[in-house]
Amino acid sequence: MTSPQRLTAIVVTYNRLEALQTTLARLLAHDAKTLSKLIVCNNASTDGTDAYLATLKDPRLTVLTLPTNTGGAGGFEAALRHAEATEPSDWYVLMDDDAFPDTGALARFHAAPRDDHDVWLSAVRYPNGRICEMNKPWRNPFWSLPLFGASLLKGRNAFHIGPQDYAQKQPLDVDGGSFVGQFISRRAISKAGFPRGELFIYADDVLFTLAVRRAGGRVGFDPRIAFVHDCETLSESDMLISPLWKVYFYHRNVTLVYRKVAGPVLFWPLIALKAVSWHKRARLYGAERPLYLRLLKLALSDALGKRVRYTAADIKALISPQEHADDSGAKAPDQTP
């Protein structure tokens, strides 16, 4: 077994106390050699999370409480900046509050040499054992002509790794993946900078790993490191985005990703095709179809204009102005490009 390096776990939470309790119990069960430090970024939770965190006395635990909800993206950026400024580790492992390492996962991370890669990705599954689709690592089809051709025929299945990759015992190189079970080295941060907290949710992980790769770094997937993600954002039956306000952030940020991966020439035909596809999906939202289309239009307008300007409170005010009239700083976004 290799000598363990300092590993800090980072968990971002917002109003999911029960899930957070499960995740922290799993993490704090590790000894100090396996897990050196744990940072919980509390995104201004209002469900008693702060009181619960105050009861935890493990010396490895640091609670970083933010004054407002900055989303997963803002939380990960804040926690990483705090860690680097106060007590840096060799590696950081990131996860949502509803995700946690499976038994032995962190020990397996330490059991193999890791310094030949800048980022390592885990095999993330739902609690029932199925592969979690939203957390599947991927290769950039625009960096490989054969992969690009396969993607035209097979779609996302061509550039996301498949079940056969999860079943093997050896790591493989990829181009990116999610922050659930992502191990980030200090070297990766020096190459790519910190995640973009202003994105709020979605795609901050994709853009970070892309930045690592563009800077000459290596991203690996190790199927032996297992994580569990008990997530419910997307409907199992039709992959609808829920709650509806997330439609804006998803499409805005994914469009920003497409601009990065496709480059200045291929981006425009690609986003034209995607916009048509997204517009067709409006019918799946039933009575909420008009609002879905309004959010989609605003998201595309901002992304194409390279604008990242609205908070969750702003978008919620657009959906239900009266309900969110008292949100701090909330205003209904206009529809101007």
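Q: Leaving aside neighbours within four places in sequence, which residues is D205 in contact with?
A: D205 touches G177, S178, F179 and Q182, where contact means heavy atoms within 4.5 Å. This is a predicted model, where local features need pLDDT of at least 70 and side-chain atom pairs count only at pLDDT 80 or more, while totals for chains, interfaces and linings use all residues. Residues are numbered from 1 along each chain as its sequence is written, and side-chain values use heavy atoms, with hydrogens and water left out.

Q: Why is D205 called buried?
A: Buried means under 20% relative accessible area, exposed over 50%, and partly exposed in between (1.4 Å probe, protein chains only). D205 comes in at 14%, so it counts as buried. As for where it sits, D205 is part of helix 9, residues 204-214; helices are DSSP runs of H or I with at least four residues, strands are E runs of at least two, and both are numbered from the N terminus.

Q: What makes R16 and D97 a salt bridge?
A: The term calls for a side-chain nitrogen of Lys or Arg within 4 Å of a carboxyl oxygen of Asp or Glu. In R16 and D97 the closest N and O atoms are 2.7 Å apart, and the pair forms a salt bridge. It links distant parts of the chain, 81 residues apart: R16 is in the loop between strand 1 (7-13) and helix 1 (17-28), and D97 is in the loop between strand 4 (91-96) and strand 5 (99-101).

Q: How do you know whether R16 is buried, exposed or partly exposed?
A: Look at its relative accessibility: R16 has 36%, so it counts as partly exposed.

Q: Why is R218 called partly exposed?
A: R218 has 36% relative accessibility, so it counts as partly exposed. D173 is at 37%, so D173 counts as partly exposed as well. The side chains of R218 and D173 meet in a salt bridge at 2.9 Å, N to O.

Q: How many salt bridges are there in the whole structure?
A: A search finds 17. R6, K37 and E87 are linked in a network of them.
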